[in-house]
Every structure is written in C-alpha cells, then in structure tokens.
Amino acid sequence: MENYTLLKVRLYDDPCLREEAKPVKDVGASERLLIQSMIYTMHQMQGIGLAAPQVGISQRIFVIDLGHGPFVFVNPVILKKEGGLAMDEGCLSMPNINVNVVRATKILVKYTDESNQKHERTFENLMARVIQHENDHLNGRLIIDYA
C-alpha cells in the first residue's frame, strides 16, 4: 500500500467527531482513494477499525480489519440486533481510554462496498462489535457516551 496518505486521526475534542456523517451518493475514484488511505492509516496506527469522521471527512464510510483482510462499509444500516455482551473498547480518537460497552453479539447489516456492490449480511462477535463501534462514529457518538 505504498503511495497512500497517512491521514490525521482526529481526537475526542474535535467537533467533526460529534456530527452526523453524510450519505455517500456513489463510490467513485475519490471515495476509493479515501478508503485505501483509511485502510493504510488504520494499519499504521494498529487499529482494527476507522470511520471517515475520525479523519475529518463527513461521509458514511468505515473500514475494519480483524486480520483477515479489510472490509469496507459505505452507507451501512444495522437492520437487526441480537444478544448483548459487555466488553472494554478502545478508540483511535481516544488514546489510552477504555470504556466498558454493552453491544449486540449478532447483527444484520445492509451496506455498499468499495465496488458499489450492495450487501445484506449477518456478523457476529468481535466483527459485530467493531461494526457497531464504527457505526456510532457515523452518528457522532463516542465510547465515552456509554460511560
């Protein structure tokens, strides 16, 4: 992933983290470049998820990589939630802060990928948790709101 930009991750007091992100009309070249730079930044910072508002971009996009290659979510909507489990969560926008958060253990998500393909898929356990965490960023919500 050379030639991708290391993006500046905004910290918790940045107002862009509290705004609701705008829907993406179409995933074009500029969105794909943003997505690749977000993946690069997430890997460089040793994170497992990164949302566009965290890099100062008001778009409903986030990326996740739990070690099996990156997933890209554009305009995600969580359609269904099941179960609940409390776990400590950290956040790249809130270094050295962990908050115990209860999240659904199984979710059904509708989203578009980086190739403009629409998906409806069930995710469980850690992947479900990270999707919910990143989706919170798209709605201006942070883990400290759960404290």
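**Sheet, hairpins and pocket of the predicted model**

In strand 2, Ile-61 and Val-63 point one way and Phe-62 and Ile-64 point the other, and all are buried. Buried denotes a relative accessible area under 20%, exposed over 50%, and partly exposed the range in between, with a 1.4 Å probe and protein chains only. In a regular strand, side chains alternate between the two faces of the sheet. The structure is a predicted model, in which local features require pLDDT of at least 70 and side-chain atom pairs count only at pLDDT 80 or more, whereas totals for chains, interfaces and linings use all residues. Residues are numbered from 1 along each chain as its sequence is written, and side-chain values use heavy atoms, with hydrogens and water left out.

Helices (H or I, at least four residues) and strands (E, at least two) are DSSP runs numbered from the N terminus, and two strands are taken as paired if DSSP finds at least two bridges between them. Contact means heavy atoms within 4.5 Å.

The pairing can be followed across the sheet from strand 1. Strand 1 and strand 2 run antiparallel and are joined by 3 bridges; Gly-49 has Ile-64 of strand 2 as its bridge partner. Between strand 2 and strand 3, also antiparallel, there are 4 bridges, and Val-63 stands opposite Val-72 in strand 3. The hairpin of strand 2 and strand 3 has 6 residues between the strands, and Gly-67 takes a positive phi near 105 degrees there. Strand 3 (residues 71-82) is in turn linked to strand 6 (residues 106-112) by 6 bridges in an antiparallel arrangement, with Lys-106 in strand 6 as the bridge partner of Glu-82. A further 7 bridges connect strand 6 to the antiparallel strand 7, where Glu-120 lies opposite Lys-110. Strand 6 and strand 7 form a hairpin with 5 residues between them, and Asn-116 in its turn has a positive phi of about 65 degrees.

Val-77, placed in strand 3, is classed as partly exposed because its relative accessible area is 37%. Val-77 touches Leu-108, Val-109 and Lys-110, residues up to four places away in sequence not being counted. Val-77 and Leu-50 are 27 residues apart in sequence, with 17 Å between their C-alpha atoms. Thr-112, located in strand 6, has a relative accessible area of 8% and is therefore buried. Apart from its neighbours within four places in sequence, Thr-112 is in contact with Val-72, Phe-73, Val-74, Gln-117 and Lys-118.

Strand 4 and strand 5 form a hairpin with 2 residues between them. These antiparallel strands are joined by 6 bridges, and Asp-88 stands opposite Asn-100 in strand 5. Ile-97 lies in strand 5 (residues 94-103) and counts as partly exposed because its relative accessibility is 30%. When residues up to four places away in sequence are not counted, Ile-97 touches Glu-89, Gly-90, Cys-91, Ile-143 and Ile-144. The C-alpha atoms of Ile-97 and Ile-144 are 8.6 Å apart, although 47 residues separate them along the chain.

The largest pocket holds about 290 Å³ of space. A pocket is an open set of points, on a 1 Å grid over the protein atoms alone, where a 1.4 Å probe fits and protein lies on both sides within 12 Å along at least five of seven lines; lining residues have an atom within 4 Å of a point. Grid points are joined across faces, edges and corners, and the volume is the space filled by probe spheres set on the points. The lining of the largest pocket comprises 15 residues, of which Ile-48, Gly-90, Cys-91, Val-130 and His-133 lie nearest the centre. Strand 4 (85-91) and helix 2 (125-138) each supply at least two residues of this lining. By class, the lining contains 6 nonpolar, 5 polar and 4 charged residues, where Ala, Val, Leu, Ile, Met, Phe, Trp, Tyr, Cys and Pro count as nonpolar, Asp, Glu, Lys and Arg as charged, and the others, Gly among them, as polar.
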